[in-house]
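This report covers a helix, its aromatic contacts and a surface patch. The sequence and the model are shown first.

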Amino acid sequence: QEQKTMDGAEEFFFHLARGSAEFVIWCLVGFAVGFLGLFGGVILGTQVRRMLRKEPFSGGNDPGVGLSMMPMVTAPGAAVLSGGACAVSLFLDYDRWLVCGQLNIAMLSVLALLAISNYLW
């Protein structure tokens with residue numbers, strides 16, 4: 001039996017399509033991290049405040065009110081960082097799961113800790 005192999009143009013367009021799909025997926029993952037990181041931190045922050053037996057915030061004093069506008073900045077920013085890391089790892093032939101995964105975990109942690117820290121004082 002004869003095995004079919006890709007010629008140069010087919011291989012180029014295959015890698016272009018695969019790289020483009022990975023780029024879009026990592027941008028969406030970054031967007032979700034930027035959006036959900038703060039909201040998850042606000043939810044955890046209220047629980048941490050309750051565990052520390054401090055009185056809960058109410059009304060305009062709640063840091064969640066101010067933090068609710070930040071995902072308009074953090075979500076696109078995280079998407080750009082995640083997509084940029086994917087693009088760089090595509091060009092340098094690094095493992096995208098390792099590079100983009102670690103970056104998104106770090107962004108999620110920083111955003112959640114930022115939100116939690118507002119509930120500790």
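How many aromatic pairs does the count come to? In this predicted model, the count comes to 4 aromatic pairs. One of them joins Phe12 and Phe13: the ring centres are 5.2 Å apart and the planes stand at 75°, so the pair is edge-to-face. Another is formed by Trp26 and Trp97, with centres 5.5 Å apart and planes at 75°, so this pair is edge-to-face as well. Trp26 belongs to helix H1 and Trp97 to helix H4 (residues 96–117), so the contact ties together parts that are 71 residues apart in sequence.

| Residue | Relative accessible area | Class |
|---|---|---|
| Phe13 | 53% | exposed |
| Phe23 | 34% | partly exposed |
| Trp26 | 9% | buried |
| Trp97 | 68% | exposed |

Helix H1 covers residues 8–51. With 44 residues at 1.5 Å a residue, H1 should span 64 Å, and its end C-alpha atoms are 61 Å apart, which agrees. H1 has a kink of about 30° centred on Leu36. After H1 comes Arg53, which has a positive phi, near 60°.

Phe23 is placed in helix H1. Together with Val24, Leu28 and Leu90, Phe23 makes a nonpolar surface patch of about 340 Å². H1 gives the most to this patch, with 3 residues. Phe23 counts as partly exposed because its relative accessibility is 34%, a value between the 20% and 50% cut-offs.

Conventions: Residues numbered from 1 in each chain as written. Predicted model: local features only at pLDDT ≥ 70, side-chain atom pairs only at ≥ 80, totals over all residues. Heavy atoms only, no water. Patch = residues over 30% accessible without salt bridge, like charges linked within 9 Å, V, L, I, M, F, W, Y side chains within 5 Å. Areas by Shrake-Rupley, 256 points an atom, 1.4 Å probe, with all protein chains shown as cover. Salt bridge = Lys/Arg side-chain N within 4 Å of Asp/Glu carboxyl O. Helix = DSSP H or I, 4+ residues; strand = E, 2+ residues; numbered from the N terminus. Buried < 20%, exposed > 50% of the residue type's maximum accessible area, 1.4 Å probe, protein only. Expected span 1.5 Å × (residues − 1). Bend = angle between axes of the 7 residues up to and from the residue. Phe/Tyr/Trp six-rings, centres within 6.5 Å; stacked < 30°, edge-to-face > 60°.
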